[in-house]
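Below is a short report on selected features of one protein model. It is meant to be read beside the sequence and the coordinates.

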Amino acid sequence: MNSVINNLITIAGPCSAESPEQLDQTVGQLVSQGIRTIRAGVWKPRTRPNQFEGKGEEALKWLQELKGKYDIKTTTEVASAQHVDLALKYDIDILWIGARTTVNPFGVQEIADAIRGTSIPVMIKNPINPDLSLWMGAIERINGAGIDQISAIHRGFSSFQETRFRNPPMWQIPIELKANLGHIPLICDPSHIAGNRTMLFEVCQKALDLNYDGLMIETHNNPDQALSDAQQQITPDVLSDLLSKLRIRKASSTDITFINQLDELRDKVDHVDREIIEMIAARMKMVEQIGNYKRDNNVTILQMERWKQITESRPEWGNILDLNPDLVLDIYKLIHQESIKQQTDIFNNTSDSTLK
Ligand code: PEP
Ligand code: MN
């Protein structure tokens with residue numbers, strides 16, 4: 001049996017349930033690959049009207065029938081109290097809240113109120129926009145309805161910029177979620193992050209390297225003919241091949257040499273970090289002196305020429321030392337912002353005292 005399936009929460013199935021045949025064939029193949037948790041959307045939130053919007057209640061019946069035929073658990077997206085009632089009526093095992101619902105506290109609360117009193121597990125996708133609080137808020141609302149089994153699904157965030165992803169992953173946001181809510185399993189949905197088949201492996205491997213707890217991957221018996229998200233779906237065979245190539249890494253090791261070496265390196269990093277902070281503090285002291293000097297000579301805080309010179313030279317210096325120049329520029333933007341703030345305080349304090 002595939003080690004990803006053995007060690008991680010593995011969910012697969014079509015973007016949408018389209019017909020009894022499509023569902024049966026896809027699920028049958030997935031089950032023979034060892035997948036036991038099947039996803040299928042029955043109500044599809046589509047960007048434009050007149051696209052395939054899912055088969056609704058009739059598709060819930062197909063899913064229920066397949067539960068009789070195969071030993072599977074089913075999961076579907078719910079976006080309203082009515083969806084919840086129907087999903088419960090047809091024995092759906094796990095609900096998920098889609099990205100377009102997580103952005104809307106009214107919608108999430110409606111779902112929370114509808115599931116109160118049940119113990120159905122709920123998976124909560126990140127909101128469309130990169131807002132950690134909205135994601136955490138949705139988790140809190142569902143938890144507040146008495147649901148203990150909650151997981152988070154990372155499906156990427158929408159972006160104004162053209163990127164190689166359909167929904168750029170912005171990994172720091174799910175990492176931050178994990179830092180705040182460490183007990184909540186984190187599942188990666190590489191299908192909606194990548195938006196195509198070629199980048200699925202790369203996104204899955206990155207999720208495993210970041211110690212994610214599971215994967216949810218869109219899988220269809222005939223992906224090219226899929227009625228939604230055709231470009232990103234793969235066949236159960238391709239899925240099996242992809243899963244077998246992924247490398248599972250350990251969250252930690254008991255190897256004593258490894259632990260000692262890691263400790264030693266972390267010690268060095270601690271020292272360097274201390275030096276970095278001391279240097280920044282020293283730089284801020286100089287900025288303060290410069291602020292006083294500018295004030296005494298009645299010149300403005302912002303000197304555009306000087307700032308331009310900094311934004312050009314620092315990334316170049318970084319580049320020579322093999323540092324990403326964009327990183328260096330970002331660091332200097334933050335430092336500069338703080339310098340301006342400090343000098344503004346110096347200027348304000350002076351005007352206060354002259355007014356008194
Ligand atoms: C889906 O899983 O098919 C879906 C609609 O996802 P999302 O809410 O992440 O867009
Ligand atoms: Mn989809």
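This is a predicted model: local features need pLDDT of at least 70, side-chain atom pairs count only at pLDDT 80 or more; totals for chains, interfaces and linings use all residues.

Residues are numbered from 1 along each chain as its sequence is written, and chains are lettered from A and ligands numbered from 1 in the order in which they are written.

Helices (H or I, at least four residues) and strands (E, at least two) are DSSP runs, numbered from the N terminus. E218 and D229 are both buried. Buried means under 20% relative accessible area, exposed means over 50%, and partly exposed lies in between (1.4 Å probe, protein chains only).

**Helix packing**

Two packed helices are described by the angle between their axes and the distance between the axes. For helix α2 (residues 20–32) and helix α3 (residues 57–69), the angle is about 35° and the axes are 10 Å apart. Axes are lines fitted to C-alpha atoms, for helices over the stretch in contact, and angles run from 0 to 180 degrees between N-to-C directions. On the α2 side the contact is made by P20, L23, D24 and V27, and on the α3 side by W62, L63, L66 and K69. Contact means heavy atoms within 4.5 Å. By class, the contact residues are six nonpolar, no polar and two charged. Ala, Val, Leu, Ile, Met, Phe, Trp, Tyr, Cys and Pro count as nonpolar, Asp, Glu, Lys and Arg as charged, and the others, Gly among them, as polar.

In helix α10 (residues 200–209), the buried residues are L200, V203, C204, Q205, A207 and L208. An α-helix has 3.6 residues a turn, so residues three or four places apart point the same way. The buried residues of α10 pack against α1 (3–7), β7, α9, β8 and α11. Just after α10, N211 has a positive phi of about 65°.

**Salt bridges**

Side chains of opposite charge can pair when their charged atoms come close. A salt bridge is counted when a side-chain nitrogen of Lys or Arg lies within 4 Å of a carboxyl oxygen of Asp or Glu, and the count comes to 14 salt bridges. The table lists some of them.

| Pair | N to O distance | Relative accessible area |
|---|---|---|
| D113 and R116 | 3.1 Å | D113 42%, R116 44% |
| K125 and D189 | 2.8 Å | K125 5%, D189 0% |
| D296 and R295 | 3.1 Å | D296 56%, R295 27% |

In the bridge between K125 and D189, K125 lies in strand β5 (residues 122–125) and D189 in the loop between β7 (186–188) and α9 (190–194), so the pair ties together parts that are 64 residues apart in sequence. K125 counts as buried, and D189 is buried as well. D296 is exposed, whereas R295 is partly exposed.

**Positive phi in loops**

D91 is not a glycine, yet has a positive phi of about 60°. D91 sits in the loop between α4 (81–89) and β4 (94–97) and is partly exposed at 40%. M170, also a residue other than glycine, has a positive phi near 40°. The loop between β6 (150–154) and α8 (172–180) holds M170, which is partly exposed at 24%.

**A strand residue**

E77 is in strand β3 (residues 73–77) and is buried, with a relative accessible area of 7%. The C-alpha atoms of E77 and G41 are 5.8 Å apart, although 36 residues separate the two along the chain. Beyond its neighbours within four places in sequence, E77 contacts W43, P45, W96, G98 and T101.

Methods:
Side-chain values use heavy atoms; hydrogens and water are left out.
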